[in-house]
Amino acid sequence: MAEWYFSREDIEGGSPSRMHGLSLDAELKLRRDGARLIMEAGHTLQLSIETIATGVVLFHRFYMFCSFTAFPHRVVAAACLFLSGKIEETPKKCRDILRTLHTLIPDAEFQAGFGSDPKETLLVHERILLQTIKFDLQISHPYSSLMKFAKALSGDRVKIQKIVQMAWTFVNDSLCTTLCLQWEPHLVAVAVLQVAAQIHKFDLKMPSVEADKSWWSNLVPDVDADIIQEVGRQVLSSYESSHPVLASSALSVTASPSVSFDHMASAVASGRGHLPTHGIYVESVSPPVSKS
């Protein structure tokens, strides 16, 4: 699994697309566009969030070994969604995926990407995808860890449920970023819970955790606070363009890593009590309501 995680420097400066002359901004835009296409098509096809997320992770991984200049991102996105359905045992027929994508992509662009035989184009790219990822189909997501950790928390269950809802939204939106290429799912789960708790001004607590230790210390003892802060900064900075209240904080974090995580979370809290998702549909992917 270690081969699927990369440093931010490798992602932003050493990707195949960068080596082929594509700018960082252009690559990140294509990553967002491909991820959102998978999300929209997956939602239309009524696929689970796990299937959608698996498709997005496949997409991001593929372009760490192949260039956007060599493989059209919409075709690769289709192949990723097609394969993710098989991986998560929620398969969809090739024609259904193509029909759905055709409604989401302008006709001229669809024809340019998929050609005269869209089914064959998709199947060829699925084979290329499988070879590129070395037939490694073991993919996990932060959702299960998020719910596991949330159930173990002690305190006001109503507040905790609100925190979980926001954290779940953060995970959804992070699919449009490269977080899944940098950090293991359990790290992301801890970080988004901490981000949401800071925004809600709520101290998370775990039973049997000493007062001088972080609330997650018994669950994931290998997680360092600096890592959680870094993941939190990236989560919040991803809202810079879509949520104006975050702009100044996100820019300051980009310029100076020493800016505190608390400062960023406070900037969100001072603006609104919740953040919108972008590119995914909350009604179909919300966390289960706690019954405890």
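Reply: Buried residues make up 51% of the 292 residues in the protein chain, where buried means under 20% relative accessible area, exposed over 50% and partly exposed in between, with a 1.4 Å probe and protein chains only. This is a predicted model, where local features need pLDDT of at least 70, side-chain atom pairs count only at pLDDT 80 or more, and totals for chains, interfaces and linings use all residues. Residues are numbered from 1 along each chain as its sequence is written, and side-chain values use heavy atoms, leaving out hydrogens and water.

Me: How many helices and strands does the protein chain have?

Reply: There are 16 helices and zero strands. Both are DSSP runs numbered from the N terminus: helices are H or I with at least four residues, strands are E with at least two.

Me: How do you know that the length of helix 8 agrees with what it should span?

Reply: The expected span is 1.5 Å times one less than the number of residues. Helix 8 (residues 118-132) has 15 residues, so it should span 21 Å, and its end C-alpha atoms are 21 Å apart, which agrees.

Me: Which residues of helix 8 are buried, and what covers them?

Reply: Thr 121, Leu 122, His 125, Glu 126, Leu 129, Leu 130 and Thr 132 are buried. Their cover includes helix 4 (49-62), helix 5 (73-87), helix 6 (94-104) and helix 7 (107-114).

Me: What comes after helix 8?

Reply: Lys 134 follows helix 8, and its phi is positive, near 60°.

Notes: Contact means heavy atoms within 4.5 Å.
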